[in-house]
Amino acid sequence: MKTLIKSMATAAVCLGLLSGCATKSASSTDLIERSAPITMNSVAFTDYNLKRTYSRGFGQLEDGERYRLSLVQHGQRPTATGTTEVYVVLRNHTDYDYRIEARTQFFDQDGVPTDVKPTWQRSTIPANSIATYRELSTSTQPLQYRVEVRELN
């Protein structure tokens, strides 16, 4: 009888601990993030590991967001040749150099993608520092943009 009670108590404690472990896997994203409308002139972290929101659980002291990288600012400006330069300033919140890939998709004023296929560009953001990603358009027409950032594997 004592063994049964002891086993049940142990199971109850384990169940209580495990119920707090319902955190997301590194490969998943919130449904809200997946279904959010795509906005123009924006930056999106397509790799869920770069910015995560945790709810209280095993190993977590409090609710909130944990960042590896964060967006400092972004924008666009005309170049001397009449094309568009897009820039994104990212901050590394870790104690080690962080390698990322970023790409820019340009859209015309009607929201139609331009003919240039975006390519991923690699960059390293130094530990506890900032770095700037830049991309130039090939067109002189007014453009909108969307930049995607992911961790380099």
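In this predicted model, glutamate 85 and arginine 134 meet through their side chains in a salt bridge of 3.5 Å, N to O. Glutamate 85 belongs to strand β5 and arginine 134 to strand β8 (residues 130–136), so the pair ties together parts that are 49 residues apart in sequence. A search of the whole structure gives 7 salt bridges.

- Strand β5, which holds glutamate 85, covers residues 84–92.
- Glutamate 85 counts as buried because its relative accessibility is 12%, and the limit for buried is under 20%.
- Leaving aside residues up to four places away in sequence, glutamate 85 touches Gly75, Gln76, Arg77, Thr79, Arg134, Glu135 and Leu136.

**Other salt bridges**

- Arginine 103 and glutamate 148 form a salt bridge between their side chains, with an N to O distance of 2.7 Å.
- Arginine 103 is in strand β6 (residues 98–107) and glutamate 148 is in strand β9, so this pair links parts that lie 45 residues apart in sequence.
- Within this pair, arginine 103 is partly exposed, with a relative accessible area of 25%, whereas glutamate 148 counts as buried at 18% relative accessibility.
- Salt bridges with shared partners connect Arg77, Glu85 and Arg134 into one network.
- Another salt bridge joins the side chains of glutamate 151 and arginine 68, at 3.7 Å from N to O.
- Glutamate 151 sits in strand β9 (residues 144–151) and arginine 68 in the loop between β3 (64–67) and β4, so the pair ties together parts that are 83 residues apart in sequence.
- Glutamate 151 is buried, with a relative accessible area of 19%, while arginine 68 counts as partly exposed at 28% relative accessibility.

**Aromatic side chains**

- The count of aromatic pairs comes to 1.
- That pair consists of tyrosine 96 and tyrosine 98, which are 5.8 Å apart from centre to centre, with 40° between the planes.
- Tyrosine 96 is partly exposed, with a relative accessible area of 43%, whereas tyrosine 98 counts as buried at 3% relative accessibility.
- A charged side chain also meets a ring: arginine 150 lies over the face of tryptophan 120, at 3.7 Å from the ring centre.

**Threonine 81**

- Threonine 81 is in the loop between β4 (69–78) and β5.
- Threonine 81 counts as exposed because its relative accessibility is 62%, and the limit for exposed is over 50%.
- The side chains of threonine 81 and threonine 79 are joined by a polar contact of 3.1 Å.
- Threonine 81 and serine 139 are separated by 58 residues in sequence, and their C-alpha atoms are 9.8 Å apart in space.

**Serine 42**

- Serine 42 is part of strand β1, which covers residues 42–45.
- With a relative accessibility of 9%, serine 42 counts as buried.
- The side chain of serine 42 reaches the backbone oxygen of threonine 39, at a distance of 2.6 Å.
- Apart from residues up to four places away in sequence, serine 42 touches His74, Tyr145, Arg146 and Val147.

Note on methods
Residues numbered from 1 in each chain as written. Predicted model: local features only at pLDDT ≥ 70, side-chain atom pairs only at ≥ 80, totals over all residues. Heavy atoms only, no water. Phe/Tyr/Trp six-rings, centres within 6.5 Å; stacked < 30°, edge-to-face > 60°. Buried < 20%, exposed > 50% of the residue type's maximum accessible area, 1.4 Å probe, protein only. Lys NZ or Arg CZ within 6 Å of the ring centre and 35° of its normal. Helix = DSSP H or I, 4+ residues; strand = E, 2+ residues; numbered from the N terminus. Contact = heavy atoms within 4.5 Å. Polar contact = N/O pair within 3.5 Å; in protein donor to acceptor, adjacent residues only side chain to side chain. Salt bridge = Lys/Arg side-chain N within 4 Å of Asp/Glu carboxyl O.
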